[in-house]
Amino acid sequence: PTRRSSDLLFAVSAPVWAQRVVAAPAAEGLKIGFVNYARLMQESPQAKAVQQTLRSEFASKQKELSNEQQALKTREAQLQRDGATMSADQRTVAEQTLRDGNRELSEKVNEYQDDFNARQNQELSKLQKVLVEQVQRYAQAQRFDLVLADGVIWANPSIDITQPVLEALQASGASSSSGATRSGTSKSRK
């Protein structure tokens, strides 16, 4: 190689080499943790309280829709059973009533689902804020330099801080930011 190509090789590789030398000691002193955020979203008492709140809030509407659906099935079975003995006008009226009922039920179900999804998103947003704040408090108290969550393909169990964070969430109580009542907490194991 000529002097010019070796100078060029040094000029290109020197910054990479310098970064490795500078970054190596800094990386050795880092305290890194990993938290399984999906597990927190499922197992924390706050998450369970949100689920219970949503169930309670939407139970009556869900029961109402279920009753309407059952009534329509009963009418449809009656039409199937008695259709042969009905006059053409009676059958037409019964079929039209059944179609109208199914359409109205479908609209109510869509409205219910939209309302439920909006409330669920609202409550999950509050829950996420609570969980992130707890992870941050734990990480600061334990002097972590970096805590990873989503997008991690694999993490050594020795850096997994999910269980201690869950325990901290359990200690802080099951009352979520939605004002749900305190529910029983049980420790879950990995």
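The following questions and answers explain how several descriptions of this predicted model are reached.

Q: What makes up the protein, and in which pattern do the parts follow one another?
A: The protein has five helices and two strands. Read along the sequence, the pattern is α-β-α-α-α-β-α.

Q: How do you know what share of the protein is buried?
A: A residue is called buried when its relative accessible area is under 20%. Buried residues make up 24% of the 190 residues in the protein.

Q: Why is Ser 44 called buried?
A: The relative accessibility of Ser 44 is 0%. The cut-off for buried is under 20%, so Ser 44 counts as buried. Ser 44 lies in the loop between H2 and H3.

Q: What does Ser 44 touch, leaving aside residues up to four places away in sequence?
A: Ser 44 touches Arg 39, Leu 127, Leu 131, Leu 166 and Leu 169. A touch here is a contact, with heavy atoms within 4.5 Å.

Q: Why is Leu 40 called buried?
A: Leu 40, a residue of helix H2, has 0% relative accessibility and therefore falls under the 20% limit for buried. Not counting residues up to four places away in sequence, Leu 40 touches Val 35, Ala 47, Leu 131, Val 135, Thr 162, Val 165, Leu 166 and Leu 169.

Q: How far apart are Leu 40 and Leu 131 along the chain, and what separates their C-alpha atoms?
A: Leu 40 and Leu 131 are 91 residues apart along the chain, and their C-alpha atoms are separated by 7.4 Å.

Q: What share of the contacts between residues at least 6 apart in sequence joins residues at least 24 apart?
A: Of these contacts in the protein, 80% join residues at least 24 apart.

Q: How do you know that the reach of H3 is close to the expected value?
A: Helix H3, residues 45-82, has 38 residues.

Q: Which residues of H3 are buried, and what covers them?
A: The buried residues of H3 are Pro 45, Gln 46, Ala 47, Ala 49, Val 50, Thr 53, Leu 54, Phe 58, Leu 65, Leu 72 and Leu 79. What covers them includes helix H2 (37-43), helix H4 (88-141) and helix H5 (162-171).

Q: What makes Ala 49 a buried residue?
A: Ala 49 belongs to helix H3. Its relative accessible area is 3%, which is under 20%, so Ala 49 is buried. Ala 49 and Leu 127 are 78 residues apart in sequence and 9.8 Å apart in space, C-alpha to C-alpha.

Q: How does the reach of H4 compare with the expected value?
A: H4 has 54 residues and reaches 78 Å from its first C-alpha to its last, close to the 80 Å expected at 1.5 Å a residue.

Q: Why are H4 and H5 called roughly perpendicular?
A: The axes of H4 and H5 come within 10 Å and cross at roughly 115 degrees. Angles of 65 to 115 degrees count as roughly perpendicular, and therefore this term is used for H4 and H5. The crossing of H4 past H5 is right-handed.

Q: Which residues of H4 and H5 meet?
A: Leu 131, Gln 134, Val 135 and Tyr 138 in H4 meet Pro 164, Val 165, Ala 168 and Leu 169 in H5.

Q: Why is Arg 137 called partly exposed?
A: Arg 137 is in helix H4, and its relative accessibility is 45%. The C-alpha atoms of Arg 137 and Ala 168, 31 residues apart along the chain, are separated by 9.7 Å.

Q: What makes Arg 143 exposed?
A: Arg 143 has a relative accessible area of 67%, over the 50% limit, and is therefore exposed. Arg 143 is found in the loop between H4 and strand E2 (146-148).

Q: What is the phi of Arg 143?
A: Arg 143 has a positive phi of about 60 degrees although it is not a glycine. Most residues other than glycine have a negative phi.

Definitions and conventions
Residues are numbered from 1 along each chain as its sequence is written. This is a predicted model: local features need pLDDT of at least 70, side-chain atom pairs count only at pLDDT 80 or more; totals for chains, interfaces and linings use all residues. Side-chain values use heavy atoms; hydrogens and water are left out. Helices (H or I, at least four residues) and strands (E, at least two) are DSSP runs, numbered from the N terminus. The expected span of a helix is 1.5 Å times one less than its number of residues. Buried means under 20% relative accessible area, exposed over 50%, partly exposed in between (1.4 Å probe, protein chains only). Axes are lines fitted to C-alpha atoms, for helices over the stretch in contact, and angles run from 0 to 180 degrees between N-to-C directions. Angles under 35 degrees count as roughly parallel, over 145 as roughly antiparallel, 65 to 115 as roughly perpendicular and the rest as oblique. A crossing is left-handed if the near helix is turned anticlockwise from the far one by less than a right angle, and right-handed if clockwise.
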